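Visitor: Hi! I'm new to this one. Could you show it to me and walk me through a few details?

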Amino acid sequence: MSNGLSSLQLSPVDLSQKIKLGSKAASIEGPIDKTALQAATSTLLARLNELQEMFHADGRHALLLVLQGRDASGKDGVIRTVYGAFNPIGVHVAAFGPPTPLELRHDFLWRVHQLVPPRGMVGVFNRSHYEDVLAVRVRELAPENVWRARFDHINTFERMLTDSGVIIRKCMLHVSREAQHERLQARLDDPTKNWKFRLDDLKDRDRWDAYTDAYREVLERCSTPSAPWYVVPSDDKTVRNYLIAQMLVDTLESTKSTFPPMDEAVRTAAAGFD
Ligand code: ADP
């Protein structure tokens, strides 16, 4: 009997179709064998660890995973579980909150560029420069002509990064309104989660449709062959982690990283050391 995993994989957003961001798209269709999914995820995480060592030693590329999503969509969970598979020595994590006064006096990419992982590292952004066309747009923190010009700025910036050896993958963790309600309620009810609750999250929840429109435009304007966007069904955490781990395995494998061979001059010089 099929365990439902064979057809489970992420594809970059398809720009020839209207991007689906309704409740249904936050889950996968069809039954799935949970035990098989968990086992397959563990195998992928072990594979990520192996691939990272070669990627780090090879040193030709950096990997940057951009995580965006509404509050409680699971960005922290992906970092804990999927990035938790990597050796921390090669990992670069950056989170972006509201800009500081100094950051606001610079262009919007200034704070971002410094936190792009260097070659050999696997990096992840918990929120990113996309907040400058999402939160800034929805909360009306800048005039439309200012944030609208940023789509081009972002595409040019990301192209410059990919030309410099940074492999970019972007995931929108897509949760339904119902799942977000459940998770925010848990933050109110569970004393171990109270610290995560912010009243501002409720304000953004009230702007649900405005965020949907803003996300749709981001996906349409900024998904490129070299820096694709993926919409990750994220109501179920195990599915979400499996899908992202699998996409990262494919991405790291595609770099064909290898352990660099030893320089013969070094080998000769080291011969017979005691
Ligand atoms: P989180 O909610 O992700 O755990 P924080 O509370 O530190 O983390 O910060 C997230 C908040 O910062 C979000 O409300 C997000 O919209 C906001 N933010 C991030 N970048 C920007 C930006 N460039 N402009 C305005 N708000 C931003």
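Guide: Happy to! Tyr83 and Phe86 are both buried, where buried means under 20% relative accessible area, exposed over 50% and partly exposed in between, using a 1.4 Å probe and protein chains only. This is a predicted model, where local features need pLDDT of at least 70, side-chain atom pairs count only at pLDDT 80 or more, and totals for chains, interfaces and linings use all residues. Residues are numbered from 1 along each chain as its sequence is written, and side-chain values use heavy atoms, leaving out hydrogens and water.

Visitor: How are the rings of Tyr83 and Phe86 arranged?

Guide: Their centres are 4.9 Å apart and their planes at 80°, so the pair is edge-to-face. Rings of Phe, Tyr and Trp (its six-membered ring) pair if their centres lie within 6.5 Å; planes under 30 degrees apart count as stacked, over 60 as edge-to-face and the rest as tilted.

Visitor: How many aromatic pairs are there?

Guide: The count comes to 4. One of them joins Tyr130 and Trp229, edge-to-face because the planes sit at 75°, with ring centres 4.9 Å apart. Tyr130 and Trp229 are both buried.

Visitor: Switching topic, how many disulfides does the structure hold?

Guide: It holds 0 disulfides, a disulfide being a pair of cysteine sulfur atoms within 2.5 Å.
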